[in-house]
Every structure is written in structure tokens, then in C-alpha cells.
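Subject: Two-chain model, handover and notes

Dear colleague,

Here is the structure I said I would pass on. My notes follow below it.

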Amino acid sequence: MDLFKVLEPGPFTTIQDSGRYGYQQFGIPVSGALDTFSYLAANVLVGNPDDAAGLEITFMGPRLETLSDTLVAVTGAEVTLFVNDQPQAMWASFRVRRGDVISMKASSKGVRAYLAVAGGLLVPKVMGSRSTYTGGKIGGLDGRPLARGDRLNGGSPVSLDRIVFLPEDLRPRFATEVTLRVLPGPQDDHFDAGLNVFFSSVFTVTSKADRMGYRLDGPIIEPKDGVSLSIISEPSLSGAVQIPSDGQPIILLVEQTASGYAKIATIITADLDVVAQARPGDKVRFERVDLTEAHQLHRDYRSILNHLRDAIEGQNSA
Amino acid sequence: MGGLFDKAVFRLVGDRGVIVEYGDEISPEINIRIRTMAAAINEEKPAGIVEVIPTYRSLLIVYDPLATDLKSLEDALQFMEGRLDQLEIPRPRTVEIPVSYGGDFGPDIEFVAQAHNLTVEDVIRIHSGALYQIYMIGFTPGFPFLGGLPEHLKTPRLETPRPLVPAGSVGIANNQTGVYPIDSPGGWRLIGRTPLSLFNPSRENPFLYRAGDMIKFVRISQEEYNRIMAEGKT
């Protein structure tokens with residue numbers, strides 16, 4: 001059914017789900033929501049399955065006119081949310097009626113907000129996913145961001161009475177100085193003194209930061225004497241920190257499939273949500289962990305995600 | 001036995017990936033090992049493996065750390081390596097890609113010819129006379145990184161990449177040749193264009209080839225190009 005009419009799209013709002021897996025060997029990146037925790041929380045709040053499609057909103061929100069009564073939740077970056085000019089809390093589900101206008105002001109903390117609607121947004125699945133990949137012009141709305149006048153279709157809400165929230169202590173806190181935990185490699189052996197510079201310096205997120213990757217600004221990271229930063233091209237995973245020929249790190253993200261430069265380290269999965277919310281000008285440090293620690297942190301992160309549904313659905317039945 | 005390692009090298013890719021490197025150069029011998037291992041993994045499906053991505057000289061294995069660990073993965077790969085002889089590997093297919101060379105489709109073909117003291121006709125004959133192996137697919141959906149470009153067509157890439165290379169363009173960069181499946185920026189020297197749609201997400205099989213397959217470029221005229229384009233649209 002018709003759920004929303006897009007009055008204003010916002011600077012870069014796309015339809016995303018949990019991602020497109022199994023096609024990287026054909027040059028198709030995973031895509032999907034960049035901040036997994038906030039995306040998942042929004043779905044759980046409106047009673048959706050984990051992988052339902054919603055909106056990923058960058059910096060500034062869209063203005064949406066509601067076309068059918070439904071249930072909505074907005075999570076992620078701190079935006080000021082309104083329904084018909086009445087303030088509405090984030091991290092909570094709320095009802096909207098036909099004719100209501102949902103809008104939000106620019107984010108004050110964080111970058112990406114997530115809007116989930118009961119039943120999920122419905123667009124055709126492309127290779128198993130509804131995620132928009134603008135570079136390949138696939139998924140979402142013909143592979144492009146939202147535009148004025150678009151109509152968004154969705155499933156029917158199971159119940160309009162699921163008014164729940166995520167307790168404050170479970171929500172992420174957005175800091176302007178963050179420490180990202182990494183495992184050295186896959187090409188840490190291309191560096192010697194450069195590794196010390198990487199682990200002891202503070203880097204600044206530049207404005208060249210999107211779903212493909214974030215360019216950082218900081219001291220130059222040099223390779224070992226006589227070793228090239230250029231490597232035979234190989235596939236990359238989200239979180240890999242590549243050092244191109246200018247020596248300034250680039251964090252590769254979900255819309256990248258291959259890289260031809262040495263990757264000094266790779267950010268652990270649990271900290272990728274922090275990257276998703278880092279703003280230009282924010283300060284970044286890298287901290288080394290070993291594989292055993294990284295796998296423990298991975299288990300902890302996954303149990304936090306699993307706990308989300310209990311934390312929210314507990315209230316509903318109470 | 002140039003470049004093939006005696007023992008595969010494991011490189012960590014964060015907490016959920018590992019690159020298994022079989023050599024340190026681009027060669028058919030290393031690539032056969034990679035193709036065989038990828039086929040073996042897809043056949044045996046060891047627990048916890050999410051995706052296997054073949055590259056020039058390595059495999060990137062993405063795994064679920066909740067379902068397996070690095071030691072189990074290494075053991076499983078070693079076990080498979082010992083049994084490779086008993087495995088039947090699907091023979092690589094050869095995919096023919098029709099190309100209309102030169103003209104508006106190949107704005108750099110004169111440059112390539114002049115750089116090697118060849119005629120445009122020579123460039124077309126040599127380029128369409130070779131058989132190319134797909135070592136890896138990446139950069140954009142379906143973009144094939146091909147090995148096997150004849151020595152005397154090696155040409156450096158453009159100093160400044162074009163902001164828009166039309167889908168179907170066939171190009172050369174150093175010792176590589178390839179085709180752009182979708183409109184994208186690009187710095188390869190363009191010598192022709194194919195009317196085939198190399199990536200079409202609405203087809204049952206969105207891609208015409210996979211890593212390990214061979215590509216043969218077949219020369220066609222501008223008229224044939226137009227005809228195939230028109231057929232593709234109906």
C-alpha cells in the first residue's frame with residue numbers, strides 16, 4: 001500500500017536493508033544500513049523482522065506526507081523529529097495518520113538516522129536485497145536516492161498499538177572523539193615505523209566521507225623502505241583501512257568491493273556502527289586488539305543485537 | 001614454477017575475514033590453484049564460511065566468527081588442499097563478446113596504434129586474436145580484470161580519467177584489458193564497445209561470466225552493433 005509521499009527528500013536518503021550478500025565475487029558490494037544497531041532497533045520498535053527495508057537518512061531528514069495510517073520509529077543520529085510540527089521522541093514507535101507530515105531538522109550528533117515503518121518499505125528485491133547501491137544503480141528506487149514526489153510503498157502494520165521505546169541506557173552515545181579497535185592487516189607487513197604512527201596519532205574525519213569510504217587527515221603513514229603501497233588488486237571488506245600513495249588513511253565501507261593499496265589494519269565489526277556516525281571534523285584514534293579479543297568483542301556485540309528484541313518486546317507485553 | 005607459494009599464506013582481514021594467498025604474482029598457474037580451491041570450498045562447504053571471493057593470487061574468505069574460528073578454517077583448507085587431485089573442477093567456459101572497434105566507440109585506438117608503431121587494423125587483429133582469462137571481478141558490477149593482453153598492446157592508462165565511460169566500452173590499461181559493464185568514471189584507453197549488456201540485474205543470471213572463465217573478443221561492424229543493440233531492447 002502507499003505509505004508516504006516525499007515532499008522533500010533530504011540531501012541523501014536511501015532505502016536500505018541488512019545488505020546484499022554473496023555477490024562480491026561479481027563486483028557487487030554488500031551495501032545495506034551503515035549503522036547496524038540503529039537500523040535494527042528501528043525495525044524492532046515497529047515490530048518488523050530484522051531485515052525489513054527502511055530509510056537511511058544522511059545529516060538532514062526528508063519531509064514525508066503520510067498516505068495510510070501506520071506505525072513509525074526513528075533511531076540513529078540525533079535529529080529533531082516532528083509530526084505536524086509537534087516534537088516526537090526518537091527511539092520510540094509512534095502512530096501516524098493519513099495526512100500527517102513527518103519531518104526532521106539536521107542532526108546535531110551523529111550522521112545517519114533510520115526510519116522504519118511497520119511492515120517495511122516494499123521495493124523489488126534485486127539479487128536478494130532491497131538495499132540501494134547508487135554506484136551500480138540497483139536496489140531501492142531504481143538505484144537512486146529519494147526524490148521529491150516519490151511515493152513509498154510498504155507492507156501493512158500487524159498492529160498499530162505497539163507503542164514501545166528503547167531504554168536510554170541501551171542507546172548509543174555519539175562522541176566527537178572516538179577510538180576504533182582494529183586488527184592489524186591484511187598488509188601490516190608493508191609497514192614498520194608507519195605502524196607506530198598509525199597507532200599513536202589522532203586523525204580527523206574529512207568531508208570526503210560517504211558509504212564507499214571515509215578519507216582521514218593526519219600524519220603521513222609511510223611504507224617500509226623499498227616497499228610499495230600499491231598491491232595487486234584484491235577484494236576489500238567494510239572496515240579495512242587502506243593507505244593510498246599520499247599516506248592518508250581511507251576507511252573502506254560497504255560500497256567498496258576491491259582495493260589496490262595496502263591495508264594497514266581492519267576495524268572490528270562491533271566498531272563499524274561508530275564509524276557510520278562519525279562526522280567530518282571528528283577525531284579518530286586506532287587501538288590494536290588481537291584476534292581472540294576481537295572475536296570476544298564480536299560475540300558481545302552480537303549478543304547486544306540479540307538482546308534488543310527482548311529489551312523492547314518485554315515492555316510491550318507488560 | 002614462478003610465484004606459487006609452497007604453503008598458502010594467511011592474512012587476517014579483521015574479525016570475520018581471511019585472505020589466503022597462493023602466490024605473489026599474476027600467473028595462470030596460481031590462478032588454477034585458486035579456482036580449484038574455490039570450487040573445493042563451494043563443494044565441501046565447511047561450517048561458518050559466508051562467502052569465498054577469488055582474486056588474482058588469493059581467496060578472500062568471509063566467515064562467521066560465531067560459527068567457526070581461524071584454526072578450524074585453516075585445518076579445513078589444508079585437508080581440502082590434500083585432496084585437490086581427486087576433485088573435478090568445472091572447465092572454464094569461453095564467453096564471446098562482440099566488439100565494434102574504433103570510431104566513436106574507441107577514441108583511444110589511434111593512440112594505442114601509434115604508441116606501438118601499428119596500424120589500427122593491427123590493433124584490432126591482435127586484440128581480438130587473443131584469449132583472455134578473467135582473474136577477478138570487481139570495481140563495478142561485472143567489471144572483469146583480464147590477463148593475457150599481448151605484449152605489444154601494453155599502453156599506460158590516461159593521465160586524467162574520464163568522468164564518464166559509457167557502458168560496454170572496451171579498454172586497455174598497462175598489461176590489462178577489460179570492459180566497463182555500467183557507465184562509470186574510468187582511466188583506461190578505450191578501443192571499442194560491445195552491444196552486450198554485461199550486467200543486467202533483471203536477468204535470471206545477471207552476469208555472463210565468472211572469475212576463471214575465458215573471454216574472446218569478436219570483431220563486429222557498426223551495423224552489427226546497432227542490430228544487436230536493437231534486438232537487446234526488444
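Is Phe139(B) buried or exposed, and how many C-beta neighbours does Phe139(B) have inside 10 Å? Phe139(B) counts as buried because it has 22 C-beta neighbours inside 10 Å. Here a residue is buried if 20 or more other C-beta atoms lie within 10 Å of its own, exposed if 12 or fewer, and partly exposed in between, with C-beta atoms placed from the backbone.

Some conventions before the rest. This is a predicted model, so local features need pLDDT of at least 70 and side-chain atom pairs count only at pLDDT 80 or more, while totals for chains, interfaces and linings use all residues. Residues are numbered from 1 along each chain as its sequence is written, and chains are lettered from A and ligands numbered from 1 in the order in which they are written. Helices (H or I, at least four residues) and strands (E, at least two) are DSSP runs, numbered from the N terminus.

Phe139(B) sits in the loop between strand E6 (131-137) and strand E7 (144-147) of chain B. Asn84(A) is another non-glycine residue with positive phi, near 50°, and belongs to the loop between strand E5 (70-83) and strand E6 (86-88) of chain A. Asn84(A) counts as partly exposed because it has 13 C-beta neighbours inside 10 Å. There is a cis peptide bond from Gly185(A) to Pro186(A), with omega near 10°. Pro186(A) is in the loop between strand E10 (177-184) and helix H2 (193-200) of chain A.

Chain A

Seven strands of chain A form a closed barrel, in the order E10-E17-E14-E15-E12-E11-E18, with mixed pairing. Strands pair here if DSSP finds at least two bridges between them. On average, neighbouring strands of this sheet are turned by 40° against each other, direction ignored; the axes are lines fitted to C-alpha atoms, for helices over the stretch in contact, and angles run from 0 to 180 degrees between N-to-C directions. Strands E11 (residues 203-209) and E18 (residues 283-288) of chain A run antiparallel and are joined by 2 bridges. Opposite Thr204(A) stands Lys283(A) in E18(A).

Helix H1 (residues 36-45) of chain A is mostly covered, with 10 of its 10 residues buried. Among them are Phe37(A), Tyr39(A), Asn43(A) and Leu45(A). Just after H1(A), Gly47(A) has a positive phi of about 80°.

Cores

A nonpolar core is a set of buried Ala, Val, Leu, Ile, Met, Phe, Trp, Tyr and Cys residues joined through C-beta atoms within 7 Å. The largest has 104 residues, of which Leu45(A), Val74(A) and Leu115(A) touch the most other members. Strand E8 (residues 101-117) of chain A gives the most to this core, 8 residues. Not counting residues up to four places away in sequence, the residues that Leu115(A) touches include Ala42(A), Leu55(A), Ile57(A) and Val74(A). A second, separate core has 44 residues, including Met136(B), Leu149(B), Val165(B) and Trp188(B).

Chain B

Chain B is divided into domain 1 (4-86) and domain 2 (94-233), with bounds that come from an automatic or database domain assignment. The C-alpha centres of the two domains of chain B lie 30 Å apart. Their contact takes 7 residues from domain 1 of chain B and 6 residues from domain 2 of chain B. Helix H1 (residues 28-44) of chain B supplies the largest share of the domain 1 side, 3 residues.

Strand E9 (residues 169-173) of chain B is mostly covered, with 4 of its 5 residues buried. Antiparallel to E9(B) runs strand E12 (residues 189-193) of chain B, joined to it by 4 bridges; Gly171(B) stands opposite Leu190(B) there. E9(B) is also joined by 4 bridges to the antiparallel strand E10 (residues 176-179) of chain B, where Val179(B) is the bridge partner of Val170(B). The hairpin of E9(B) and E10(B) has 2 residues between the strands, and Asn174(B) in this hairpin takes a positive phi near 55°.

Interface between the chains

Contacts between the chains involve 35 residues of chain A and 37 residues of chain B, where contact means C-beta atoms, placed from the backbone, within 7 Å. On the side of chain A that touches chain B, two or more residues each come from strand E13 (230-235), strand E17 (263-267) and helix H4 (291-317) of chain A. H4(A) gives the most, with 6 residues.

Regards

Terms used:
Contact = placed C-beta atoms within 7 Å.
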